[in-house]
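Me: I have a structure open and would like to go through it piece by piece. Can we start with how the helices pack?

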Amino acid sequence: MARFQHPLPPARWPSAAEAASSRLFSPIALRGNCVAETRTWVPAMVPWRASDAGDVTDAVIDWYGRFAEGRPGVLVVEATGIRDIPSGPLLRIGHDRCVPGLQRLVDEVRRRSGGHTRLLIQIIDFLSIRRRPPREKFFRRFLMVTDAHRAAIAARTGDDEWLSRDAGDVCEWLLAESDDVHRAVLDAREYESLSMGARERVTDTHLPHVAELPRVLPGLFADAARRAEEAGFDGVELHYAHAYTMASFLSRTNARTDGYGGSIEGRARLPLEVFHAARGAVSEDFVVGCRFLGDDVIEGGSRIDDACDFARLFAEAGMDFLSVSKGGRFEDAKQPRVGAAAYPYTGKSGHECMPTVFMEDAPPFGRNVPLSAAIRAAVRDAGHTTPVVAAGGINGFDLAEGILQREEADLVAAARQSLADPDWWEKMRTGRGADVRRCLYTNYCEALDQRHQAVTCQLWDRLPVADGEPEPARSADGRRRLLPPRSRAPGSGDS
Ligand SMILES: Cc1cc2nc3c(=O)[nH]c(=O)nc-3n(C[C@H](O)[C@H](O)[C@H](O)COP(=O)(O)O)c2cc1C
Ligand code: SF4
């Protein structure tokens with residue numbers, strides 16, 4: 001059966017004059033002297049181009065330089081780790097040695113945007129997640145056999161000898177059994193470790209490094225913010241969204257009993273302490289805001305009411321912007337194959353985070369705007385002017401301008417549309433909208449992200465290399481362009 005697919009809505013593009021008088025292309029102050037020239041925003045997207053030590057590479061520089069050419073009002077550099085720990089080719093800002101590389105990135109963006117783009121970096125902490133182990137490895141190396149396992153096996157087999165059998169015998173017996181038996185004998189966390197890979201939670205306070213998160217994270221985020229300022233960024237986006245540590249503190253699933261969980265105030269406490277520490281580590285004009293979830297989407301998670309409460313607290317604390325995302329949690333992720341780690345964008349919450357044209361209920365276009373609208377209204381009702389950023393399937397002028405005109409957000413973010421065509425902002429602004437290469441919202445790019453492969457867009461490879469264009473850099477298999485093609489001459493319709 002053919003897969004259901006929403007059509008791309010027809011696009012209407014503005015003339016240069018209409019763009020010039022639009023809200024979308026009007027400025028907005030983020031903080032003090034830091035003004036975004038337009039309300040256009042490229043949110044964080046991990047392209048998997050850093051080195052294995054988390055350093056900025058030439059590929060990282062090329063990537064952000066290319067996005068800068070589209071001159072968005074704000075460009076946010078990908079989720080960047082605040083700890084200097086091995087985490088694959090994820091960019092890091094966890095050590096002073098990271099600063100010179102990031103400085104190069106900043107210089108490139110300033111140069112190629114002609115100084116028109118404000119540059120933020122998203123800073124992130126995450127807990128450990130392991131790959132799904134082979135069964136043999138799990139039972140022979142990872143499982144800590146307890147009397148509960150022995151009792152469960154004795155009950156199943158009717159043989160009380162199991163109550164005193166060696167751990168090795170218990171493991172071998174389990175290894176030979178079916179998934180149903182594993183589900184019945186193991187506890188929920190053990191079964192999760194076997195079937196998905198072990199994943200730490202902020203509620204694992206029996207683990208000293210998890211218990212002490214409230215004591216270490218403010219300092220780590222503050223150091224990262226200081227380094228970001230040293231590198232020349234305009235500000236930081238504290239990553240309080242999706243599957244990561246800070247979002248898990250905010251989530252309704254956070255039942256910590258040490259004052260950092262439970263109530264709204266308890267769950268917001270560490271995010272606020274982190275914010276104050278970061279704010280205190282940087283100068284007056286440096287922007288500090290956050291990205292957080294308007295809805296966790298998962299069962300038992302936070303909903304829009306929680307998000308509105310958090311937004312009021314964040315605005316009152318003095319955050320410079322609130323960027324709203326949705327879902328992207330581990331709790332409902334699909335089972336990974338053996339040897340791979342769970343990816344938080346594979347379940348319902350993930351689909352809401354990066355909505356596709358295959359969503360059965362409603363199309364992806366502007367799908368998450370009701371969340372930013374409710375958050376903005378709550379913040380304004382509380383008397384704050386904090387700018388709110390909307391994202392999710394925003395792919396056209398009328399959609400973006402309508403969101404701003406209806407005051408559903410103060411800035412509009414487009415991730416995949418900007419990936420498909422980083423020049424789309426400039427094309428719209430200069431009346432060349434007909435040349436925009438429009439995102440298909442089928443998530444080829446997201447599938448690459450899932451495999452931690454260099455992210456590219458399927459549309460880039462549909463274009464032939466133009467006469468006179470140098471042979472583009474390609475992925476190792478030679479099939480994929482690593483950078484968006486240059487836009488052709490006005491009116492050539494390169495989409
Ligand atoms: C390849 C890829 C990588 C992403 N990486 C991040 C990230 O590092 N941090 C983040 O907050 N969101 C990340 N996102 C989510 C986007 O910022 C955005 O919220 C989401 O794609 C929905 O917006 P869109 O419909 O305009 O693409 C990523 C999205 C994609 C497609
Ligand atoms: S790969 Fe597909 S979903 Fe991703 S940016 Fe390109 S067209 Fe859009």
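Me: At what angle do the axes of helix 4 and helix 6 cross?

Reply: In this predicted model, the axes of helix 4 (residues 135-142) and helix 6 (residues 167-176) cross at roughly 165 degrees and come within 9 Å. Helices are DSSP runs of H or I with at least four residues, strands are runs of E with at least two, and both are numbered from the N terminus. Axes are lines fitted to C-alpha atoms, for helices over the stretch in contact, and angles run from 0 to 180 degrees between N-to-C directions.

Me: Parallel or antiparallel, helix 4 and helix 6?

Reply: Roughly antiparallel, helix 4 to helix 6. Angles under 35 degrees count as roughly parallel, over 145 as roughly antiparallel, 65 to 115 as roughly perpendicular and the rest as oblique. The helix 4 and helix 6 crossing is right-handed, that is, the near helix is turned clockwise from the far one by less than a right angle.

Me: Which residues make that contact?

Reply: Helix 4 uses R135, E136, F139 and R140, and helix 6 uses C171, L174 and L175. Two residues are in contact if their C-beta atoms, placed from the backbone, lie within 7 Å. The helix 4 and helix 6 contact has four nonpolar, three charged and no polar residues. Ala, Val, Leu, Ile, Met, Phe, Trp, Tyr, Cys and Pro count as nonpolar, Asp, Glu, Lys and Arg as charged, and the others, Gly among them, as polar.

Me: Before the next pair, how is this numbered, and what confidence cut-offs apply?

Reply: Residues are numbered from 1 along each chain as its sequence is written, chains are lettered from A and ligands numbered from 1 in the order in which they are written. As this is a predicted model, local features need pLDDT of at least 70 and side-chain atom pairs count only at pLDDT 80 or more, while totals for chains, interfaces and linings use all residues.

Me: OK. Helix 2 and helix 3, parallel or antiparallel?

Reply: Helix 2 and helix 3 are roughly parallel. Helix 2 (residues 58-68) packs on helix 3 (residues 99-112) at about 25 degrees, with the axes 8 Å apart. Helix 2 and helix 3 also make a right-handed crossing. From helix 2, V60, I61, Y64, G65 and A68 meet R104, L105, E108, V109 and R112 of helix 3. That contact divides into six nonpolar, one polar and three charged residues.

Me: And what is the angle between helix 10 and helix 12?

Reply: About 35 degrees between helix 10 (residues 213-231) and helix 12 (residues 264-281), with their axes 8 Å apart. The crossing of helix 10 with helix 12 is right-handed. Among the contact residues are P214, L217 and F221 of helix 10 and L270, E273 and V274 of helix 12. By class, the helix 10 and helix 12 contact has 11 nonpolar, two polar and two charged residues.

Me: Switching to ligands. How many residues surround ligand 1?

Reply: 24, with P43, A44, A79, A415 and R416 the closest. A residue counts as near a molecule if its C-beta atom, placed from the backbone, lies within 6 Å of it. Helix 19 gives the most to the ligand 1 shell, three residues.

Me: And which residues are closest to ligand 2?

Reply: R416, C439, Y444, C445 and C457, out of 13 surrounding ligand 2. The largest share of the ligand 2 shell, three residues, comes from helix 17. By class, the shell around ligand 2 has nine nonpolar, three polar and one charged residues.
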